[in-house]
Each structure stands twice: as structure tokens, then as C-alpha cells.
Amino acid sequence: MSKHKGKGWHGRLLTTALGVTAVAAAASMWTAQANPVAARQPDARVSVPDQDRQVAKVAADIAHASDRGPQGVNITIDDGPDPKWTPQVLQLLKDNGTKATFCMVGTQAQAYPDLVKAVVADGHRLCNHTVSHDTTMDTKSEAYQSKQILDAERMITKASGGVRPQYYRAPGGAFTPYSRQLAASRGMRPLGWNVDSKDFERPGVDTMVATVKSEISDGPTVLFHDAGGERSQTVAALREVLPWLKQEGYSFGFPVR
């Protein structure tokens, strides 16, 4: 999986996280390293949100496919919600008749519950992107991983008015066998991506659009961001990419669960 880069925003998130184990590296680089340790079944009874304890377990392998089949495309939007950029992304999606999956950071969801509700009201799906977007998740203890995942689940569910996240995306792709099993036991399918627009690096709108066009044949799940920095390039790229995908015969769906 692709690696993200960025510092300042994560430092602010880490210092604002409520009720979460303190994080030593407040400004970690965006990395994605697979954890080689063998999978263990997590004890999801520890720190499980009080509401809706009984949920249906889903597969623990990382999903990439679309529920719309071979011509389906999954638009995924990470790191929000953000009061400036999320409404613009929502409007573009609505204008193009597109549904997307929003991978939300717990502290952001907690800060902007009205935006979480707006995402749900427009028919999009929610994804758990941990409490503080710590891209070193795969190097941390299982207790720490549990705290990040389960507290974020609680924050997002509360902010949404009771709608639970259906997916879990590790920050920077830093999945571990344990985190995947834990998320799956809570009904959240681990979610990967096939096409990284690289919008976090702000490479220019033309470059981002060209990346999506050249790599969409690699798989259906496309990664964009609506937070974590200045996202005007993302908005502009989506304005071009969404109608192009429709013209090419793709239909917009959700990742398989």
C-alpha cells in the first residue's frame, strides 16, 4: 500500500484525542508497514462500546473489490470530516450521483458531528480510521490498537446519531493481523485501496487526474482526502475524475463486506 506523508495535522489530532492512551510520537511520518506477526483472535469484549455490542462479524482480509462488480468503482475519502472541505466534496458527489465511503478520524468526527450526520444523510458509508491517525499503529501494543479502533468506533457512532462504521482503514495502511481481526469482530471490514491519487502531497490537479485514469485498471478502490491540509486540488480533481469515470462506463459502489 501507498505511504502517506504529513506531520503538523497529526500533532494537533494527537494532542486533542480524548480518553485515549497518550501517544509518544505526535508527529509521525505517514508509513505503511505490514506486521508480520501471526494473527490472533482478539478479545473484543475489552473496551467494546456499550451500544450495539452484538454485531455480525465480517471477513478479516483487506477488501478492495466493489459491490458493483468488475465495472464498479469505490470512491473513498479519508481523514475528515473537515468543516471547509467535506461540504465541498459532498456537493460534488451529489452533483455526480456518486456514493462514497468516508474514512473518518475519531477526533474529527467528535468535533464535527453535524458533518458526520450529513455524510450519512446523503447515503454514504462510514469507515473507522482510528482515533488519532497514528501511522505507527503496526508497531504498537494490542491494547493500544484496541483503544484506537474501539474508541474511534464509539466516537463515530455517537457523532452519526447511531450509525456504525462498516469498514476499518488503518492509518497509512498500517494494518496488523490483530487489528484486522478486531475490526472484523466488530463488523468493520478492513479496507484497502488500489489507486492512490496522491492528493495528500498536492502534486497538481492534472497529475492527480492522470494517476486515477492510468491506475483505475489496477482495481476499483480510489483514495482521496477531505482533511489533513489544504484540499482544493482534491476538489478540482474530483470535479474531473467523477464524470470521466461515468463516461468510461464505470458505476459507483461500495467496497465489499
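A residue is called buried when its relative accessible area is under 20%, exposed when over 50%, and partly exposed in between (1.4 Å probe, protein chains only). By that rule Asp78 is buried, with a relative accessible area of 0%, and this briefing returns to Asp78 below. The model is predicted, so local features need pLDDT of at least 70 and side-chain atom pairs count only at pLDDT 80 or more, while totals for chains, interfaces and linings use all residues. Residues are numbered from 1 along each chain as its sequence is written, and side-chain values use heavy atoms, leaving out hydrogens and water.

**The chain as a whole**

- The protein chain has eight helices and eight strands; these are DSSP runs (helices H or I, at least four residues; strands E, at least two), numbered from the N terminus.
- Of the 257 residues in the protein chain, 58% are buried.
- The chain's accessible surface comes to about 10100 Å², and 51% of that belongs to carbon and sulfur atoms; such areas come from the Shrake-Rupley method with a 1.4 Å probe, and for residues only the protein chains shown count as cover.
- A contact means heavy atoms within 4.5 Å. Among contacts between residues at least 6 apart in sequence, 80% join residues at least 24 apart.

**The nonpolar cores**

- In soluble globular proteins, nonpolar side chains tend to be buried together.
- A nonpolar core is a set of buried Ala, Val, Leu, Ile, Met, Phe, Trp, Tyr and Cys residues joined through side-chain atoms within 4.5 Å.
- The largest core here has 34 residues, and those with the most contacts inside it include Val73, Phe102, Val222 and Leu245.
- Elements that each supply at least two residues of this core include β1 (72–78), β2 (100–104) and β7 (221–225). Helix α8 gives the most, with seven residues.
- Leaving aside residues up to four places away in sequence, Val222 touches Val73, Asn74, Ile75, Thr76, Val195, Val212 and Ile216.
- There is also a second, separate core of twelve residues, including Leu150, Tyr168, Phe175 and Met188.

**Asp78 and its partner**

- Which strand holds Asp78? Asp78 sits in strand β1.
- Not counting residues up to four places away in sequence, Asp78 touches several residues, among them Cys103, His129, Arg169 and His225.
- A salt bridge is a side-chain nitrogen of Lys or Arg within 4 Å of a carboxyl oxygen of Asp or Glu. Asp78 and Arg169 meet in one (2.7 Å, N to O).
- That pair links distant parts of the chain, 91 residues apart, with Arg169 in the loop between β4 (167–168) and α6 (177–185). Arg169 is buried, with a relative accessible area of 0%.

**Other salt bridges**

- How many salt bridges does a search of the whole structure find? The search finds eight.
- Asp61 pairs with Arg189, their closest N and O atoms being 3.1 Å apart. Asp61 is partly exposed at 42% relative accessibility, whereas Arg189 is buried at 8%.
- Arg164 and Glu153 form a salt bridge too (2.4 Å, N to O). Arg164 lies in the loop between α5 and β4 and Glu153 in helix α5, so the pair ties together parts eleven residues apart in sequence.
- Lys147, Asp151 and Arg154 are linked in a network of salt bridges.

**Cysteines**

- A disulfide is a pair of cysteine sulfur atoms within 2.5 Å, and by this rule the count is zero.
- Cys103 is in no disulfide, and its nearest cysteine sulfur, that of Cys127, is 3.1 Å away.
- Cys103 is buried, with a relative accessible area of 1%, and Cys127 is buried as well, at 0%.
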